[in-house]
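Q: I would like to go through this structure with you, fold before assembly. Could we begin with the sheet?

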2 protein chains.
Amino acid sequence: MQLDIHKPILDLNDRLAAENRARLDEHGIYLLDLLASPGAGKTSLILASIERLRQRYRIAVIEGDIASDVDSQKIKAQGIPAVQINTGGACHLESAMVKRALDALDLSQLDLIIVENVGNLVCPTDFYLGEDAKVMILSVPEGHDKPLKYPGIFQVARAVILNKIDTMPVFDFDERAFRQSVQDLNPQAPVFPLSATTGKGLELWVQWLAGEVDRKSEPDDS
Amino acid sequence: MQLDIHKPILDLNDRLAAENRARLDEHGIYLLDLLASPGAGKTSLILASIERLRQRYRIAVIEGDIASDVDSQKIKAQGIPAVQINTGGACHLESAMVKRALDALDLSQLDLIIVENVGNLVCPTDFYLGEDAKVMILSVPEGHDKPLKYPGIFQVARAVILNKIDTMPVFDFDERAFRQSVQDLNPQAPVFPLSATTGKGLELWVQWLAGEVDRKSEPDDS
């Protein structure tokens with residue numbers, strides 16, 4: 001049932017990911033790999049985070065999609081460098097794709113790169129791209145039971161964002177049960193409830209991300 | 001970048017799928033493969049459809065999840081046979097998994113089997129399980145641009161359900177743009193806007209599904 005094709009692919013992927021990471025480290029760039037289902041609000045969160053961090057950091061975005069450049073157009077409209085990767089069917093980004101995207105960016109001019117992975121709660125989980133952290137978004141309409149059904153992604157996430165909290169009254173979402181499930185799977189991960197569109201709760205997330213970027217870009221200040 | 005591992009796996013899968021299909025045809029059972037993102041409302045739609053069709057057809061459900069038996073418990077609570085498949089990480093069901101689920105059901109006592117695939121807009125698209133039709137659900141909170149980003153699933157779907165229309169006022173969802181995108185990708189597919197929780201719009205969907213099941217179970221009446 002479980003065909004054993006996983007390992008050799010992951011080995012190749014990890015090797016290239018390590019090369020990506022070495023290159024990013026050399027430039028002191030923090031790479032965030034953002035994971036979520038389609039429509040959970042990845043692009044909206046990226047746009048809201050850019051708005052609050054662009055005075056402080058030089059930011060670029062790598063957009064992963066099966067098809068289309070809808071998202072990278074939105075980022076570029078904000079005057080932020082964006083590279084679109086179309087996977088042509090693959091349900092996740094691989095490190096070789098990110099390598100090519102890094103080639104297209106001027107790394108000497110960046111502090112933070114946000115990778116928007118393909119919308120998917122499963123496939124991107126296993127693929128290390130060279131990122132400093134994976135962060136995942138769950139949105140309220142998806143339901144509080146998702147950590148039970150998709151434990152892997154909640155386990156690899158350094159932080160968990162609960163988006164669209166402004167729609168809480170419309171949905172039967174049990175935030176307490178959700179937090180408990182996340183904690184059971186990943187006790188270290190902070191949970192940030194927020195609304196990327198109204199801005200509510202964004203400050204704590206932005207502070208956390210800034211702390212991560214600072215730790216990497218100014219290693220001598222610690 | 002695109003490692004060529006896809007084809008041999010699909011060949012094996014298709015062979016077992018054809019066996020599943022022959023077995024279902026022999027019993028006059030219609031198999032529906034239901035696809036959607038996590039939280040789009042697959043289980044809710046299945047429960048609502050069962051409620052409206054259980055007097056007319058003998059129904060069973062095959063639940064695909066990475067982990068947990070949350071969904072099959074909900075189905076069984078309605079007195080409907082349900083088989084849980086845990087893929088242990090795989091982002092889609094394969095025909096070998098469905099074969100084992102069919103083994104666990106009494107096929108002589110069924111007219112309709114609904115397969116709830118793993119929540120994912122990408123991976124399940126390519127895998128034929130022996131189903132009579134794939135049907136997909138998009139929910140309003142996911143956004144109207146999803147056909148542009150995940151064209152494959154909209155192309156393989158025999159019908160497209162737009163769920164959670166009761167939340168339309170809360171989200172910036174352009175139903176006209178959505179319908180146009182679906183039509184561009186798949187002109188034959190009907191679109192059923194509905195709310196599985198309030199019941200609004202369900203009747204048209206249920207009629208369509210009943211028509212499909214009837215065509216298969218009573219081939220001589222046509």
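Q: What is the strand order of the open sheet in chain A?
A: In this predicted model, chain A has an open sheet of seven strands, ordered β3-β2-β4-β1-β5-β6-β7, and the pairing is parallel.

Q: Which are the edge strands?
A: They are β3 (82-86) and β7 (191-193) of chain A, each of which pairs on one side only.

Q: And what does the twist average from one strand to the next?
A: The average is 20°.

Q: Over how many bridges do β1 and β4 of chain A pair?
A: Strand β1 (residues 30-36) and strand β4 (residues 112-116) of chain A are joined over five bridges, in the parallel sense. Within that region, L34(A) has E116(A) in β4(A) as its bridge partner.

Q: Turning to helices, which strands does α4 of chain A lie across?
A: Helix α4 (residues 95-103) of chain A lies across β2 (59-65), β3 and β4 of chain A. Relative to β3(A), α4(A) runs at about 150°.

Q: What about α2 and α8 of chain A: at what angle do their axes cross?
A: The axes of α2 (residues 42-53) and α8 (residues 202-217) of chain A cross at roughly 70° and come within 10 Å. Angles of 65 to 115 degrees count as roughly perpendicular, so that is how α2(A) and α8(A) stand to each other.

Q: Is that crossing left-handed or right-handed?
A: α2(A) passes α8(A) in a right-handed crossing.

Q: Which residues meet there?
A: From α2(A), A48(A), S49(A), R52(A) and L53(A) meet L202(A), V206(A), L209(A) and A210(A) of α8(A). By class, this contact has six nonpolar residues, one polar and one charged.

Q: Now the assembly. How many residues of chain B are in contact with chain A?
A: 40 residues of chain B are in contact with 40 residues of chain A. On the chain B side, the elements giving two or more residues are α4 (95-103), α5 (146-149) and α6 (151-156). The largest share, three residues, comes from α5(B).

Q: How do the residues on that side of chain B divide by class?
A: There are 21 nonpolar, twelve polar and seven charged residues on the side of chain B that touches chain A.

Q: Why do the copies meet through the same surface?
A: Because 100% of the interface residues of chain B are also interface residues in chain A.

Note on methods
Residues are numbered from 1 along each chain as its sequence is written. Chains are lettered from A and ligands numbered from 1 in the order in which they are written. This is a predicted model: local features need pLDDT of at least 70, side-chain atom pairs count only at pLDDT 80 or more; totals for chains, interfaces and linings use all residues. Two residues are in contact if their C-beta atoms, placed from the backbone, lie within 7 Å. Helices (H or I, at least four residues) and strands (E, at least two) are DSSP runs, numbered from the N terminus. Ala, Val, Leu, Ile, Met, Phe, Trp, Tyr, Cys and Pro count as nonpolar, Asp, Glu, Lys and Arg as charged, and the others, Gly among them, as polar. Two strands pair if DSSP finds at least two bridges between them. Axes are lines fitted to C-alpha atoms, for helices over the stretch in contact, and angles run from 0 to 180 degrees between N-to-C directions. Angles under 35 degrees count as roughly parallel, over 145 as roughly antiparallel, 65 to 115 as roughly perpendicular and the rest as oblique. A crossing is left-handed if the near helix is turned anticlockwise from the far one by less than a right angle, and right-handed if clockwise.
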